[in-house]
Amino acid sequence: MLRLRGVSKVYPDGTRAVSDVNLDVEEGEFVVLIGRSGCGKTTTLKLVNRLIEPTSGTIYVKGKDTRTVDPVVLRRSIGYVIQHVGLFPHMNVVDNISVVPRLLGWPKEKREKRAEELLEMVGMEPAQFRHKYPRELSGGQQQRVGVLRALASDPDLILMDEPFGALDPITRELLQDEFKRLQKNLGKTILFVTHDIDEALKLADRIVLMKDGKVHQTGTPDEILRQPADVFVRTFIGPERLVRKPDRVLVEEIMIRTPAVAMADDGLRQGLEIMRQRRTDGLLIVDPEGKLEGYVTVSAVQKNLDVASRLGEVSKPVPVFAIKGESVRDAVTRMVDHRLSYLPVLDAQGVLQGLITRSSLVDVLVEMFWSTNNGEQNGDQPLSLKGGIARNDNDKDDEEERKGDKSRSAGAEEKYSPSHRIIILDHNDDTHSDVHDVDDDARLRHASGQ
Amino acid sequence: MDLLAYMVSIGDRIVEALIQHLWLAGVAVGLGTLVGVPLGIFLTRAERVAQPILGFAGVLRTIPSLALLGFMMPVFGIGNPPAIAALFLYSLLPILRNTYTGIRGVDPVTLEAAKGMGMTDRQMLALVQLPIALPVIMSGIRTSTVTIVGWATVAAFIGGGGLGQLIFTGLVMNNNRLLLAGAIPSALLAILVDYFLGYVENRVTPKGLKVQRA
């Protein structure tokens, strides 16, 4: 339906608004372009209907190079919805909806019939609304009319630039639902720009995350959530969204990475001292390679202080454990089944990776319910919740995945220090980015001489 | 009563002068509109020359009316032509400026929508910009007309017709009744024209824009 090949837009002042973008949108697909202000998402959209001309690259709409089509003809064949609606204030609802059909020379009766049909589709009684002027409509009604206006001539492709951005949250949700349903029923192809990740996750068949004029990551909402390409994407999605699905949280993300351990050859007194320092009532026994051999409890050590000298003599084998890459849900099920208060986490070779305790589970719950902004954590329990959350425990290539995971989690742990979170919150400040978008648009308009 | 009887007695002269007066003002404002509106539209598309031209039109308006009439005489001689030329120049500025600001005042978002939907420049002008700017343009024409109806009386000084002739003659002959027979109708005319054009302005304002004001 829509293909962008190596499309770039460089302004005379040297600003690279869009740089070498390749994008395919299939028929009936709902693709959302998302990114911060100034990432080139709106420019990309406007390149499609030639409101902005690309500096290089080619755009194909239904297989046709757009440069070979008269821009006016092209625009009439593509629906266009903008954030501030831009209804014509001097025209009533029906006339507003009928603008493109009018430009296309439809007879009056056909135009009006179509407008009424569309109004009914979104539950706006034609008799009540047809003669109203934009000023007499609520914001939600105006934007509905704005969407209908884009649908009027039944275009296959519709471009939408933050269409629901200016609405209050409740109306926005309503219109999103309504529109998603409409889109599925009508089978329209949509290219949709937003900076709102929730909107993108909700509406998109596919999300195209843009950064600095380039496509940064593309994928279904699920893919983006599961496999954010890097810290930028994770930050953009927001850690609180990543943790929301408990069955996707992996054991290594919530485990204590430095559980209290000792070796089998350590003495009992030494073991007690470690427990005292770590304030635990047990120790995991590992061999020099870090493989888990067993565990000792404080009571077993104290009971045998006189009869045994090595911890190995009083240790017991660990009955159950979790393997790295497992979901927390599975691990918790096992803990409950065996009435355990903790569960060691091993890798495939049996090397101890960490420990899940009841208190670390509580931390997860806290994180989930209170999001991350008040992320109080135990200082000695680096909770790497946001690490590589988007991992799937069903992945076939276990070995490879786990290795990759190890490095990823380790890196993420560092990056999500509490101080970093403040920055994340800043990014999600909607008002902030709205202001920028406006500036941005004005600049673009100016630069393209409109 | 005396004055009224006098005015009735020279009714023919007054009506003739009135018609001439209207004709003078009408032609001047008509020309002003014919030139001012298209020029105003042109200026919105040629920003670089817009400010100099608007400035020049503003300067024209600051020239005292008698002086401007004087300037016209060497070119157009005496009688109606120089009067019309001077009045036309006066009428130009409000029409020009209102057309320019009216069209410029259309919300850029509306224009983006119009363009994005596939309107040509001409369609944007005819279907969006002009209808939205029409009340403002009309108000310019109204201001212009009312002023010109007043100033047309001065045309008599350079031999033009109109109610000014009665006033002028009355002054010269020290005939107050004649003077008033010209002054009163011209004042009434200005008020009536203002009222009438106010009505027209209201009529041409798109309904959707009136709602906004309420």
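In the predicted model, the elements of chain B run α-α-α-α-α-α-α-α-α-α from the N terminus on. Of the 214 residues in chain B, 49% are buried. Among contacts in chain B with a separation of 6 or more, 75% are accounted for by residues 24 or more positions apart.

Packing of one helix pair in chain B was examined. Two packed helices are described by the angle between their axes and the distance between the axes. For helix α3 (residues 47-62) and helix α5 (residues 80-104) of chain B, the axes come within 8 Å and cross at roughly 145 degrees. The crossing of α3(B) past α5(B) is left-handed. On the α3(B) side, the contact is made by B:E47, B:A50, B:Q51, B:I53, B:L54, B:A57, B:G58, B:L60 and B:R61. On the α5(B) side, B:L89, B:Y90, B:L93, B:P94, B:L96, B:R97, B:Y100 and B:R104 take part. Classified by residue type, this contact of α3(B) with α5(B) has 11 nonpolar, 2 polar and 4 charged residues.

Between the chains, 23 residues of chain B are in contact with 26 residues of chain A. The area buried between chain B and chain A is about 2200 Å², and carbon and sulfur atoms give 69% of this area. Within chain B, the residues that lose the most area to chain A are B:E112, B:K115 and B:M117; together these three give 30% of what the chain B side buries.

In soluble globular proteins, nonpolar side chains tend to be buried together. The largest nonpolar core in the model has 43 residues, of which A:I34, A:I97, A:M160, A:F164, A:F179 and A:F192 touch the most other members. Helix α7 (residues 139-151) of chain A gives the largest share of this core, 5 residues. A second, separate core of 36 residues includes B:L24, B:A85, B:A133 and B:A190. Leaving aside neighbours within four places in sequence, A:F164 is in contact with A:Q143, A:V147, A:R172, A:L175, A:Q176, A:F179, A:F192, A:E199 and A:L203.

A further site in chain A is the loop between α16 (311-314) and β14 (322-323), where A:V318 is found. A:V318 counts as buried because its relative accessibility is 16%, and buried means under 20%. Not counting residues up to four places away in sequence, A:V318 touches A:L292, A:G294, A:Y295 and A:P344. The C-alpha atoms of A:V318 and A:E293 are separated by 7.5 Å, with the two residues 25 apart along the chain.

Methods. Residues numbered from 1 in each chain as written. Chains lettered and ligands numbered in written order. Predicted model: local features only at pLDDT ≥ 70, side-chain atom pairs only at ≥ 80, totals over all residues. Heavy atoms only, no water. Core = buried A, V, L, I, M, F, W, Y, C linked by side-chain atoms within 4.5 Å. Buried < 20%, exposed > 50% of the residue type's maximum accessible area, 1.4 Å probe, protein only. Helix = DSSP H or I, 4+ residues; strand = E, 2+ residues; numbered from the N terminus. Contact = heavy atoms within 4.5 Å. Axes fitted to C-alpha atoms, helices over the stretch in contact; angles between N-to-C directions. Left-handed = near helix turned anticlockwise from the far one by under 90°. Nonpolar A, V, L, I, M, F, W, Y, C, P; charged D, E, K, R; others polar. Buried area = accessible area lost by both parts, 1.4 Å probe.
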